[in-house]
Amino acid sequence: MAAVTAAQPRSSKTESYVDNKRKEDIRHANINAARAVADAVRTSLGPKGMDKMISTANGEVIITNDGATILNKMEVLQPAAKMLVDLSKSQDSAAGDGTTTVVVIAGALLKQCLTLLSNGIHPTVISDSLHKASIKAVDVLTAMAVPLELSDRESLIKSASTSLNSKVVSQYSTLLAPLAVDSVLSVVDPAKPDMVDLRDIKIVKKLGGTVDDTQLVKGLVFDKKASHAAGGPTRMENAKIAVIQFQISPPKTDIEQSIVVSDYTQMDRILKEERNYILGMIKKIKATGCNVLLIQKSILRDAVTDLSLHYLAKAKIMVVKDVEREDIEFITKTLNCLPIANIEHFRVEKLGHADLVEEVSLGDGKIVKVTGIKDMGRTATVLVRGSNQLVLDEAERSLHDALCVVRCLVSKRFLIAGGGAPEIELSRQLGAWSKVLHGMEGYCVRSFAEALEVVPYTLAENAGLNPIAIVTELRNRHAQGEINAGINVRKGQITNILEENVVQPLLVSTSAITLATECVRMILKIDDIVNVR
Amino acid sequence: MAIEKILKDDASEEKGERARMASFVGAIAITDLVKTTLGPKGMDKILQSTGRGHEVTVTNDGATILKSLHIDNPAAKVLIDISKVQDDEVGDGTTSVVVLAGELLREAEKLVAAKIHPVTIISVYNNVCLFYRLRMASECARNALLQRVVDNKENAGYAFILYYLPNVLGFDKEHFAQLAVDAVMRLKGSTNLEAIQIIKKPGGSLKDSFLDEGFILDKKIGLGQPKRIENAKILVANTAMDTDKVKIYGARVRVDSMSKVAEIEGAEKEKMREKVKKIMAHGINCFVNRQLIYNFPEELFADASILAIEHADFDGIERLALVTGGEIASTFDNPESVKLGHCKLIEEIMIGEDKLIHFSGVEMGQACTVVLRGASHHVLDEAERSLHDALCVLSQTVNDTRVLLGGGWPEMVMAKEVDELARKTPGKKSHAIEAFSRALVAIPTIIADNAGLDSADLVAQLRAEHHKEGCNAGIDVISGSVGDMAELGIAESFKVKQAVLLSAIEAAEMILRVDEIITCAPRKREDRM
C-alpha cells in the first residue's frame, strides 16, 4: 500500500486506479468486520444453539443466547460491525424475536457479496439486485403463510413455545408459552385490536424458587415490602387504595426557611405542632376510608417519617413507600384510580378498590400483591422466579421475546413454519427465479438464494447433525413440493414442521429478510471511512 | 537574513509556484474525496467521529461530509465553504459544486504548468461563465416550456425528484418522491420548510414511512387526562410551573413555629393553584409547556380535564405554536392578549413501540409531518438528509419552475458550445476555454464511473449525440446507456444548476489568484498538566 501511495502519479487515470484499490480495501475490511460479528453469534441460533457468557466491564456476568443482548454487550468499535449491532436492535424493536437470525442472514449475504465483488460486479448493481430479491422473498413468504385467528389460543401458544425452545429456559416453555399468550391477550384493547403496548405488561423478577414458580398475577405486584414500622398492617381485605404523590412529613417550603427557637418551651411546642400537622393529614386520609397507601418516592424531602409511619400504623393503614414515578402510570391504570398530588384533593372517587392486598414472603424477600381489583385496567403482571440471578435475567429476556412473538401475531395475523423450512423454500424459489433474469441480476439473485441456506445449515450444525446431508435432503424434499418440510432438531431428522407445531409469526421472518438486506446494501455502498471531529 | 524576522516564530510563508501548488493539491484532494458520492448511484462514506462516543454516520451528502472534515489546507477550506453556501442557498448540489470547482482547478493546474498566466485563465473562466448564464437561461426557458406542455407541474416535480434522491433510499425512491412532492404541494408555494416536520422512528422499513397532515409531538399525555380532544384550544407556554422562587441569593424566611412553615408551604401551593387557575381562565382544553409540569399542577389539570403536556422541547413548541397559529405565552395575566392555537383533534397514536401525540386539522393547513421509519439510525439519518435536500429543491422549483434535463445533459450542451467558442477564439485564451469544456465533461464522466459504467465509451457516445441539434441525450444510469432524458423524465432545477456553475467558478477563481500563503503562528496553549 505504502509503495503505491508514494509513487502517486499526477495523471488522472492512474490516480483513479489508486483510489479504487483503497476503496476495495475499505469495502473488504468492512465486510470482514461485519462477518466476524455475525460469526460470533452464529452458534447461538436455534433450539440447540449454545449460550454465551459475557462478563461486562463492571464485572457482571450474563449468560444468554439472545442475539440482541450478546451484540449489545460486545462493545464493537468498527463502524461496519456497529451497523450489524444496530441491525439486531432494530429487529428487536420491529419483531422482538429473530435477533440472531437477522445477523446470521446478513453475515451470509456479505459472504456472498465478497465473491460477487471479486468477480468484478459493481457494488451498486449488487445492491439493487439484493433489494429486488428481498422484495420477491417477502412475496414468497407471504404466500407460504397460514392465517390465524386470535381466538386460536393453541396456535399462539405453539409459536410462543417455538421462540422459547431456543432459549436457555427451554425446559419451561410449556409453562411460559401459555403465560405469555394469556398476558398479551389480556392487554389487547378491543377498540384497537391490532395494537399491543408491551409496557402494559410488567415483569417483576424475584430471586428464589425456580422458573417453575413463575406466574401471571391478575393484579399488581410490588417488589417491595410493606412498611413494618410500629407494627402496621401487612394484609388488608376490601382494600381502598390511594396512590399519593405528596409527602406525609413535616412541611418543607421551596424557599429557604429556618425556625428560630428562642427558648426551651418553644421546642416542645414545635414538636407538638409537627405531630399535630401529621396527625391532621392522616385523619383526612382516614376519613375517606382509605386503608392502603402507595407513596411515590420523593427526592426533595422524606416521603414518610418514622413519626408518620407510626400514626399510619395506628390508623390501620397499610403503607407501601418508595414507588417510582415511572411506575405511577402503570399502577393507576391497573387500579383504575387517579394519583393524588395534594392532601386537599384526597377524595373517595380517586381511590382504587381491591379485594385483597397482602404482603407475601418469597424466598429471601417479601413482595406486596394486590389481587381482585375492581374494574381492573388492561394490564398484566408476570412474577418471574429463578434460582439465581443469571437464570432470572435470562428468563426475563426469553419471556420478553415470547411476548413480542405473540404481539407480532396480534398485529399481523399470519403464521409460518419454523425449523428452516421458509428459508430453504425461499432459496429454492429465488433460485428458480434467478434463471429467468438477465445479466448480473440473475447472478446476484442466485447468490442471495444461496445465502439463505445458511439458516437451515446453522440450525443443523448447532444441533450436532450433519449440515450438508440435512440441507441437501431438505432441498430434495422441497423440490418435491413439501414446502413445510423442515429440520426437526429433537428427532434429528426432516419432518413436516407444521405438524410438529414449530411455527413462528410471519412478521419475524419478513422483517429479518428486509432488515438484513437493507443493512447489507448499506455496507456495500460505503467506499471510504473518514475520520471527523 | 533579516527578512525571516518579519514573521513570528512558527509562522510560515509559501510563495509563488509553491503556494499555488499547495492550494491545487488541497482542492483536488477534497474533490477526489467527495466525487465518488456524485450522482444517483454514488457511494456512501462512513464518518467516524474521533470525539467521545466514536459516533458513526453513514452519508453521501456532500455538505455533511465536507463540514465534518478536519482540514488544514486553506484552498480546501474555500471549497468546503462554497458547499456550505450552496446548502444554505438552494439545499442541493453540494457535491456537484465542489466537484466542478475541483475539476476546473485540475485543468487550470495543467495550464499553469504550460506557462499560461493564472489571470488569463481566470478571465476566460469568467467570460465563459457569463456567456453561459445567458445561454443556459434561454436554453432552459425552452425546456421549461416543453415540460409544461408535456406534464403538469406536479409530475415535473415528481420526475425530477426521482433523479435527485440519493441512492440510500434505493428502490423506495418513488415512495419518497411522492412523499416529498405531497409535502411541498401542501406548502402551496411558500418556501417555509419549517411547516414540514420530520420525525425519525427506528424500526420497520423505509417503505413504512408516511406523510401525515398536522403535527406530531413526541411526548406523553399526563396521567388521568383525556387522551382524545376534539376542537382543541391550545395554549403553548414556556413557564416554570413550580413555585416562583425569590431570585435573590440567600433570601430566607425566618419563622418561629412549625405551623408557620406549614402556612408558607400552603401559600406556595396556593400560588401554584393561582397560576393554574389563570391558565385555565384562557378557556383552553390543552396546555403544552416547555418546562416541567409537576405532580400538583398536573393533577389540577387532570381534574379540569385539560390535557397537559410537559417538557416539550424548544423546537417542538415553536413549531407547534407556528402550525396551530398560537403564540408562546409566559405570563397569564391578561387572557385576551394571548393568542391560542386551535386544532380539530388531538389524540394519542402509536408508531412502532412509542406513543406520540397527534394534532390534526391544525390552523396552518399546509403543515404536515413526515414520519420516517428505517432499519437503523444510520438509515434514518441519511433518509432525513436526502428528504431534506429533496424538499429544498422542490420548494425552490415550485417558485422557479424552470427546469433543465438531467443526466449530464446541461454539461454536455455547455461543453459543446464552449468548444465552438474555443475554435473561434485566437490566442492563448483558446487553451483555457478548451480546459473549461474538459472540466464540464468531467461531471458526466464521474456519474458514469460511480454507476460502474464504462465512462469513456458513454461520454464519447454522448458527445456524438450532442453534435446533432436539439438533442436530449443524457446518461441513463439505471439501464447504463445513453438515453433521451426528456422521455425518461429526468430533470434538474435550473436554479440549482446555475448556483453550482457560478459558485464553482468563483471558488476556482479565488484559489487561482492566490500566490502566497501565510500561515500564522498558532496560539500557544497553556500546558494543562
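This is a predicted model: local features need pLDDT of at least 70, side-chain atom pairs count only at pLDDT 80 or more; totals for chains, interfaces and linings use all residues.
## Helix packing

Two packed helices are described by the angle between their axes and the distance between the axes.

| Helix pair | Angle | Axis distance | Crossing |
|---|---|---|---|
| α13(A) and α14(A) | about 165° | 8 Å | left-handed |
| α3(B) and α16(B) | about 160° | 10 Å | right-handed |
| α5(A) and α14(A) | about 145° | 9 Å | right-handed |

Start with chain A. Helix α13 spans residues 421-434 of chain A, and helix α14 spans residues 439-452. Their axes pack at about 165°, which makes α13(A) roughly antiparallel to α14(A). On the α13(A) side, the contact uses E423(A), L426(A), S427(A), L430(A), G431(A), W433(A) and S434(A). On the α14(A) side, G442(A), V445(A), R446(A), F448(A), A449(A) and L452(A) take part. By class, these residues are 7 nonpolar, 4 polar and 2 charged.

Helix α14(A) also packs against α5(A), residues 99-118. Here α5(A) supplies I105(A), A108(A), L109(A), Q112(A) and L116(A). From α14(A) come Y443(A), C444(A), S447(A), F448(A), E450(A), A451(A) and L452(A). The class count is 9 nonpolar, 2 polar and 1 charged. F448(A) and L452(A) belong to the contact with α5(A), and they also belong to the contact with α13(A).

Now chain B. Helix α3 covers residues 74-89 of chain B, and helix α16 covers residues 494-513. The angle of about 160° makes α3(B) roughly antiparallel to α16(B). A75(B), V78(B), L79(B), I82(B) and Q86(B) of α3(B) make the contact with α16(B). Their counterparts in α16(B) are V496(B), A499(B), V500(B), S503(B), A507(B), M510(B) and I511(B). This contact has 10 nonpolar and 2 polar residues, with no charged ones.

## Sheets

Strands of a sheet pair through backbone hydrogen bonds, either parallel or antiparallel.

Strand β2 covers residues 44-49 of chain B and runs parallel to β19(A), joined by 6 bridges. V532(A) has S49(B) as its bridge partner in β2(B).

Another open sheet of 3 strands lies in chain B, in the order β4-β14-β5. Its pairing is mixed too. β4 (196-202) and β5 (210-213) each have a single partner strand, so one side of each is left without a neighbour in the sheet. The twist averages 25° from one strand to the next. Strand β14 spans residues 368-374 of chain B and pairs with β5(B) in the antiparallel sense over 4 bridges. F210(B) has V371(B) as its bridge partner in β14(B).

## Aromatic pair

How many aromatic pairs does a search of the whole structure find? It finds 1 over all chains. The rings of F287(B) and F301(B) have centres 5.1 Å apart and planes at 25°, so the pair is stacked. F287(B) sits in strand β9 (residues 286-289) of chain B. F301(B) sits in helix α9 (residues 295-303) of chain B.

Terms used: Residues are numbered from 1 along each chain as its sequence is written. Chains are lettered from A and ligands numbered from 1 in the order in which they are written. Side-chain values use heavy atoms; hydrogens and water are left out. Axes are lines fitted to C-alpha atoms, for helices over the stretch in contact, and angles run from 0 to 180 degrees between N-to-C directions. Helices (H or I, at least four residues) and strands (E, at least two) are DSSP runs, numbered from the N terminus. Angles under 35 degrees count as roughly parallel, over 145 as roughly antiparallel, 65 to 115 as roughly perpendicular and the rest as oblique. A crossing is left-handed if the near helix is turned anticlockwise from the far one by less than a right angle, and right-handed if clockwise. Contact means heavy atoms within 4.5 Å. Ala, Val, Leu, Ile, Met, Phe, Trp, Tyr, Cys and Pro count as nonpolar, Asp, Glu, Lys and Arg as charged, and the others, Gly among them, as polar. Two strands pair if DSSP finds at least two bridges between them. Rings of Phe, Tyr and Trp (its six-membered ring) pair if their centres lie within 6.5 Å; planes under 30 degrees apart count as stacked, over 60 as edge-to-face and the rest as tilted.
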